Amino acid sequence: MKYIFLIIILLTAGYFGIRQQEADYAKVQTEYRLLRLDTERKIKERTAREERDRLLARLNRTLQRYGSPLIGQEDYLLSAGSNPGVTAPLLMGLAQLESGLGKKPCKDDKFNVFGIGACRTNFNFGSYENAIAYTANLIATNRVYKDYRATGELYDLIKVYCPPKNSKG
């Protein structure tokens, strides 16, 4: 009888020991899963940061190459890309087209590097940041650019932004 009781105790202890091991294993698995997810998130964040830094450096090199007064505005150009249909390269292309990347802005407003109002209206942006934000918002929200936002085709943007002289828009 003594042995049976001892066997029952050992089996019970073994059963609960196995249950405890299973619980410990599940806890370790959960901790590992959380650590892996946290590591993956950090890698994605680092990758996004590295990509942003790479794009900022590329924008800066381009502005440096052309001796543009927009040097230092790379972050604003990149941030304007959060508007639908607007990217930093698009804004730089418009600034290149309209003012040689800011080297020949509208005479009444040195910050109007995008030629807003065809340099005939009295725009006074006061800073490059304001001009960048205004232009990005204009393209992203103004109804005349709805075709461009729908298609993403540059032709649909340019036919409104800077139409041919003999065009009716």
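Trainee: Is Asn112 buried or exposed?

Mentor: This is a predicted model, and Asn112 lies in the loop between α3 and α4. A residue counts as buried when its relative accessible area is under 20%. The value for Asn112 is 2%, so Asn112 is buried.

Trainee: The backbone nitrogen of which residue lies 2.9 Å from a polar atom of the side chain of Asn112?

Mentor: Leaving aside residues up to four places away in sequence, Asn112 touches Pro105, Cys106, Phe123 and Phe125. The 2.9 Å distance runs from a polar atom of the Asn112 side chain to the backbone nitrogen of Ile116.

Trainee: What is the relative accessible area of Leu101?

Mentor: Leu101 is found in the loop between α3 and α4. Its phi is positive, near 60 degrees, and the residue is not a glycine. Leu101 is buried, and its relative accessible area is 2%.

Trainee: Is Arg120 buried or exposed?

Mentor: Arg120 is likewise found in the loop between α3 and α4. The C-alpha atom of Arg120 is separated by 9.7 Å from that of Lys107, a residue 13 positions away along the chain. A residue is exposed when its relative accessible area is over 50%. Arg120 has a relative accessibility of 73%, so Arg120 counts as exposed.

Trainee: Which residues of helix α6 are buried?

Mentor: Helix α6 spans residues 154–161. Its buried residues pack against α3 (88–99), α4 (128–141) and α5 (146–151). The buried residues of α6 are Asp156, Leu157 and Tyr161.

Trainee: Within what arc do the buried residues of α6 fall?

Mentor: The buried residues in question are Asp156, Leu157 and Tyr161. An α-helix has 3.6 residues a turn, so residues three or four places apart point the same way. Seen down the axis of α6, its buried residues line one face of the helix, because they fall within an arc of 120 degrees.

Trainee: With the side chain of which residue does Asp156 form a polar contact of 2.5 Å?

Mentor: Asp156 is placed in helix α6 and is buried, with a relative accessible area of 11%. Residues up to four places away in sequence set aside, Asp156 touches Asp147, Tyr148 and Thr151. Its side chain makes a polar contact of 3.4 Å with the side chain of Lys159. The polar contact of 2.5 Å joins the side chain of Asp156 to that of Thr151.

Trainee: What share of the contacts in the protein chain with a separation of 6 or more comes from residues 24 or more positions apart?

Mentor: The secondary structure of the protein chain comes to six helices and zero strands, in the pattern α-α-α-α-α-α along the sequence. Of its 169 residues, 25% count as buried. Among contacts with a separation of 6 or more, the share from residues 24 or more positions apart is 39%.

Technical notes:
Residues are numbered from 1 along each chain as its sequence is written. This is a predicted model: local features need pLDDT of at least 70, side-chain atom pairs count only at pLDDT 80 or more; totals for chains, interfaces and linings use all residues. Side-chain values use heavy atoms; hydrogens and water are left out. Buried means under 20% relative accessible area, exposed over 50%, partly exposed in between (1.4 Å probe, protein chains only). Helices (H or I, at least four residues) and strands (E, at least two) are DSSP runs, numbered from the N terminus. The arc is that of the directions from the helix axis to the C-beta atoms. Contact means heavy atoms within 4.5 Å. A polar contact is a pair of N or O atoms within 3.5 Å; within protein, one must be able to donate a hydrogen and the other to accept it, and residues adjacent in sequence count only if both atoms are side-chain atoms.
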